[in-house]
Amino acid sequence: MDKANITLAFDQEKWDTLEFYLKKEKTTAQRRLEESLTQLYEQAMPAPVREYLDSRGVPPPRPRRPPKADTLKGTVVPAAQVKDEQHGQ
């Protein structure tokens with residue numbers, strides 16, 4: 001889903017002080033406001049509407065590809081086969 005930007009007016013000195021003290025709790029005012037807004041949404045919005053919106057907005061997870069081996073190029077020959085080929089010469 002697209003994100004909406006919300007603009008609020010708040011006393012700058014109070015905001016700065018709030019940020020200072022929330023930093024001690026390893027959080028920010030924005031993070032706490034987002035949590036509060038999510039909580040408000042969940043309380044105010046009926047569950048069927050939330051489920052409908054959630055089902056529309058989240059695509060199913062795509063399967064992950066296995067990582068490529070960048071260091072090995074070509075095929076791997078077992079050591080036993082290499083020994084057999086050396087003895088056969």
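Q: Why are α1 and α2 called roughly perpendicular to each other?
A: In this predicted model, α1 and α2 pack at an angle of about 90°, with their axes 9 Å apart. Angles of 65 to 115 degrees count as roughly perpendicular, under 35 as roughly parallel, over 145 as roughly antiparallel and the rest as oblique. The pair α1 and α2 is therefore roughly perpendicular. The axes are lines fitted to C-alpha atoms, for helices over the stretch in contact, and angles run from 0 to 180 degrees between N-to-C directions.

Q: Which residues of α1 and α2 meet?
A: W15, L18, E19 and L22 in α1 meet A29, Q30, R32 and L33 in α2. Contact means heavy atoms within 4.5 Å. By class, this contact of α1 with α2 has five nonpolar, one polar and two charged residues. Ala, Val, Leu, Ile, Met, Phe, Trp, Tyr, Cys and Pro count as nonpolar, Asp, Glu, Lys and Arg as charged, and the others, Gly among them, as polar.

Q: How many helices and strands are there in the protein?
A: The protein has four helices and zero strands, and its elements run α-α-α-α from the N terminus on. Helices (H or I, at least four residues) and strands (E, at least two) are DSSP runs, numbered from the N terminus. Residues are numbered from 1 along each chain as its sequence is written. Local features need pLDDT of at least 70, side-chain atom pairs count only at pLDDT 80 or more, and totals for chains, interfaces and linings use all residues, while side-chain values use heavy atoms, with hydrogens and water left out.

Q: What makes T27 count as buried?
A: Buried means under 20% relative accessible area, exposed over 50%, partly exposed in between (1.4 Å probe, protein chains only). T27 has 11% relative accessibility, so T27 counts as buried. T27 is placed in the loop between α1 (12-24) and α2 (29-44). Not counting residues up to four places away in sequence, T27 touches L22 and R32. Buried residues make up 3% of the 89 residues in the protein.

Q: Is K26 buried or exposed?
A: K26 also belongs to the loop between α1 and α2. The relative accessible area of K26 is 73%, so K26 is exposed. K26 has a positive phi of about 60° although it is not a glycine.

Q: Why is the pair of F10 and W15 called edge-to-face?
A: Rings of Phe, Tyr and Trp (its six-membered ring) pair if their centres lie within 6.5 Å; planes under 30 degrees apart count as stacked, over 60 as edge-to-face and the rest as tilted. The structure holds two aromatic pairs. In one of them, the rings of F10 and W15 have centres 6.4 Å apart and planes at 75°, so the pair is edge-to-face. F10 is exposed at 52%, whereas W15 is partly exposed at 28%.

Q: What makes F20 and Y21 an edge-to-face pair?
A: F20 and Y21 lie 5.1 Å centre to centre, with 90° between the planes, and form an edge-to-face pair. F20 has a relative accessible area of 48% and is therefore partly exposed. Y21, at 47%, counts as partly exposed.

Q: How do you know that R56 is exposed?
A: The relative accessible area of R56 is 58%, so R56 is exposed. R56 is found in helix α3 (residues 47-57). The C-alpha atoms of R56 and M1 are separated by 8.4 Å, and these residues are 55 residues apart along the chain.
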